[in-house]
Amino acid sequence: MKVVLHLGAHSTDEDHLVSCLRKNETTLAEQGIVVPDPLRYRPIMRKTFQSPKDDVTSPESRELILDAIVDEDEPDRLILSHDSFISVAGNALQGDRIYPSISRKVTRIAQLFEGHELELFLAIKDPGLFIPALFERAPEKDFGKFMEGKDPQKMRWSETIADLHTAMPEAKITVWSNEDAPLIWPELLTALTGHDEFTVLEGQDDFIRTLMMWRGYKRMRAFMEKSPPSSIKQRRMIVGSFLEKFPIYDGMNAIIELPDWSADYVNSLTTLYYQDLEEIEKMDGITYISPFS
């Protein structure tokens with residue numbers, strides 16, 4: 001069995017991916033792809049990882065946990081998604097690191113699925129947007145205290161991904177920039193599920209609908225029905241064009257004003273982020289999904 005873990009990050013797709021896949025539960029199940037209800041497995045896994053380490057190492061314990069998550073004897077592909085698999089929002093940053101505990105947490109999850117093939121998926125986000133979003137979700141309400149001992153200009157997602165690859169060298173690791181998600185959404189859904197090429201997922205444009213004015217979305221759908229895009233590249237160009245013309249409030253990338261964070265400072269974080277993306281695209285053992293590939 002292939003076990004697909006969508007690890008987040010926090011404040012990226014906000015469960016839009018798993019919600020779309022759940023809409024297609026029956027269709028995917030016919031291909032051996034199971035997408036359980038998150039309300040079913042998230043509490044079980046949280047409770048499991050709060051237990052002593054030995055609790056998940058015995059075959060009996062692992063079998064009991066899997067039976068609680070999945071009804072099928074053993075699907076070909078099991079998809080689990082949660083942005084707190086590797087950390088709660090308040091602990092996502094320490095010093096100069098993003099998700100410094102990712103190696104330990106993923107290794108712990110891998111114990112639960114020992115004997116199965118793991119695939120790991122992670123969306124990353126511009127720290128200028130990611131850090132304020134984390135702060136909004138954290139229990140600490142004083143931004144100065146929240147950022148104490150942390151230097152955003154030294155934080156690199158490439159270091160987080162390198163840690164992940166070092167901890168799980170045999171796992172397939174797929175990464176994308178959250179800012180690119182609207183343009184690569186169908187490819188993300190396909191990468192997660194591995195469904196056959198003839199499957200059309202219901203609601204695959206629901207996410208884009210949340211980012212675009214209704215009249216713009218209707219015009220985009222009508223345009224693509226009249227002139228179906230001939231390639232992935234052309235579809236991305238069409239979606240990008242309509243998003244640019246008919247944008248609405250984007251909760252994924254909402255700008256949050258913070259003390260001591262000027263526009264120039266946020267722009268400097270974005271510049272560093274784009275430089276980091278270039279390094280991530282070059283990393284061995286990492287599949288990076290880009291709208292330019």
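**A chat about strands and packed helices**

Colleague: Let's start with strands E6 and E7: in what sense do they pair, and over how many bridges?

Modeller: Strand E6, residues 117-124, pairs with E7 in the parallel sense, and the pairing runs over 6 bridges. Keep in mind that this is a predicted model.

Colleague: Good to know. Which residue is the bridge partner of Leu122 in E7?

Modeller: That is Val175. Another pair along those two strands is Leu120 with its bridge partner Ile173 in E7.

Colleague: And what does Ile173 stand opposite in E8?

Modeller: Ile173 stands opposite Ile286 there. E7 and strand E8, residues 286-289, run parallel and are joined by 4 bridges. Trp176 takes part as well, with Ile289 as its bridge partner in E8.

Colleague: How many residues of strand E7 are buried?

Modeller: 5 of the 6 residues in strand E7, which spans 172-177, are buried, so the strand is largely enclosed by the rest of the structure.

Colleague: What about E6, how many of its residues are buried?

Modeller: For E6 the count is 7 of 8, so E6 is also largely enclosed by the rest of the structure.

Colleague: Let's zoom in on one residue. Is Thr174 buried or exposed?

Modeller: Thr174, which sits in strand E7, has a relative accessibility of 2%, so it counts as buried.

Colleague: Which residues does Thr174 touch, leaving out those up to four places away in sequence?

Modeller: It touches Leu120, Phe121, Leu122, Thr287 and Ile289.

Colleague: Can we step back to the whole sheet? In what order do the strands come?

Modeller: The order is E2-E3-E1-E6-E7-E8, with 6 strands forming an open sheet and parallel pairing. Strand E2, residues 33-34, and E8 are the edge strands, each pairing on one side only.

Colleague: And how many bridges link strand E1 with E6?

Modeller: Strand E1, residues 2-6, pairs with E6 over 5 bridges, again in the parallel sense. One of the pairs is Lys2 with Glu117, its bridge partner in E6.

Colleague: New topic: helices. At roughly what angle do the axes of H1 and H9 cross?

Modeller: Helix H1, residues 16-23, and helix H9, residues 181-193, have axes that cross at roughly 65° and come within 11 Å. The two helices are therefore roughly perpendicular to each other.

Colleague: Which residues make that contact?

Modeller: From H1 there are His16, Leu17, Cys20 and Leu21, and from H9 there are Trp185, Leu188, Leu189, Leu192 and Thr193. By class, the contact of H1 with H9 has 7 nonpolar residues, 2 polar ones and no charged ones.

Colleague: Nice. What is the handedness of the crossing of H9 and H12?

Modeller: The crossing of H9 and H12 is right-handed, and H1 passes H9 in a right-handed crossing too.

Colleague: How about the angle between H9 and H12?

Modeller: The axes of H9 and helix H12, residues 232-245, cross at roughly 140° and come within 9 Å. That makes H9 oblique to H12.

Colleague: And which residues meet in that pair?

Modeller: Pro182, Leu183, Ile184, Pro186 and Glu187 of H9 meet Ile232, Arg235, Arg236, Val239, Gly240 and Leu243 of H12. By class, that contact of H9 with H12 has 7 nonpolar, 1 polar and 3 charged residues.

Colleague: How far apart in space are Ala222 and Ile173?

Modeller: They are 36 Å apart, C-alpha to C-alpha, and 49 residues apart in sequence.

Note on methods: Residues numbered from 1 in each chain as written. Predicted model: local features only at pLDDT ≥ 70, side-chain atom pairs only at ≥ 80, totals over all residues. Heavy atoms only, no water. Buried < 20%, exposed > 50% of the residue type's maximum accessible area, 1.4 Å probe, protein only. Pairing = 2+ DSSP bridges. Contact = heavy atoms within 4.5 Å. Axes fitted to C-alpha atoms, helices over the stretch in contact; angles between N-to-C directions. Parallel < 35°, antiparallel > 145°, perpendicular 65-115°, else oblique. Left-handed = near helix turned anticlockwise from the far one by under 90°. Nonpolar A, V, L, I, M, F, W, Y, C, P; charged D, E, K, R; others polar.
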